[in-house]
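Subject: Handover of a structure and its salt bridges

Dear colleague,

Please find below the structure that I am passing on to you. My notes on its salt bridges follow.

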Amino acid sequence: MKVNLTPKPINFKLGEYINKGFELLKKDFGNILIAFLVCFIMSIIPFCGLLAMGNLYKYLQRLNRNQPASPGDIFDFKDFMPYFMLQLIVFGGVLLLYIPLFAVLGISGALSEGNEPNPMVAFFVFPYMFLLIGAIYYFVLKGFYIIPLISLKGIREVKEAWVISKIMTKGNLLSIFLFSVVVSILAQIGIIACGIGIFLTLPFLYTANYFAYEDAIQQIEYDEIIEIGSKNEL
């Protein structure tokens, strides 16, 4: 069966993803917690943070579909290169955004008299910092589906995943932002329990995200065999 992707704006179901995330976490909390801890350990390895996250979503997909799944599967380096390239692109992009700020601060330091800072710097730095934060949030939200496209659909080119993700997030940036904020707050409730409890609630961040990713991918999947069958019925 050949399945293609037909990118389109996603019908984002914020509440549904949160509810399903809680349900999956309650259903198999022990295994998900172990998988999360394995993901945490793997993230310590340089350049493996995003890879570990992607593998955790693969694990959650198999778990949700009642397929054989082991937390040890997270130590899978098959998708290392796409994530390595993604991290290099992110690092280069952030560095590029900071270059004007570093340049202005350097020039200001050279022109300032004694220990007094140049007051003109504030007129550039503060507006630029707002623009910088806005740009980072924009690219993070537009690239919301890059990780599942790589891990769950096997897309190897970062550029292709970025283009598809841009289409999928069209008109949904506010919903995705609110979803990310709500899920992050709920996932960090464990901080109240002396900080240790965060390891009990943080896995929810991944289960909720998984359902957001899974539903979005299902919305853009195009099954040629099903389509042919539908036409034959007509």
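Is Glu-214 buried or exposed? Glu-214 is buried, at a relative accessible area of 7%; buried means under 20% relative accessible area, exposed over 50%, and partly exposed in between (1.4 Å probe, protein chains only).

Please note that this is a predicted model, in which local features need pLDDT of at least 70, side-chain atom pairs count only at pLDDT 80 or more, and totals for chains, interfaces and linings use all residues. Residues are numbered from 1 along each chain as its sequence is written, and side-chain values use heavy atoms, with hydrogens and water left out.

A salt bridge is a side-chain nitrogen of Lys or Arg within 4 Å of a carboxyl oxygen of Asp or Glu. Eight salt bridges are counted by this rule.

One of them joins the side chains of Arg-62 and Asp-73, at 3.4 Å from N to O. Arg-62 belongs to helix H3 (residues 49–64) and Asp-73 to the loop between H3 and helix H4 (80–111), so this pair ties together parts that are 11 residues apart in sequence. Helices (H or I, at least four residues) and strands (E, at least two) are DSSP runs, numbered from the N terminus. Arg-62 is partly exposed at 22%, and Asp-73 is partly exposed at 32%.

Glu-214 also forms a salt bridge, with Arg-65 (2.6 Å, N to O). Because Glu-214 lies in helix H10 (residues 203–220) and Arg-65 in the loop between H3 and H4, the pair ties together parts that are 149 residues apart in sequence. Arg-65 is partly exposed, at 42% relative accessibility.

Yours sincerely
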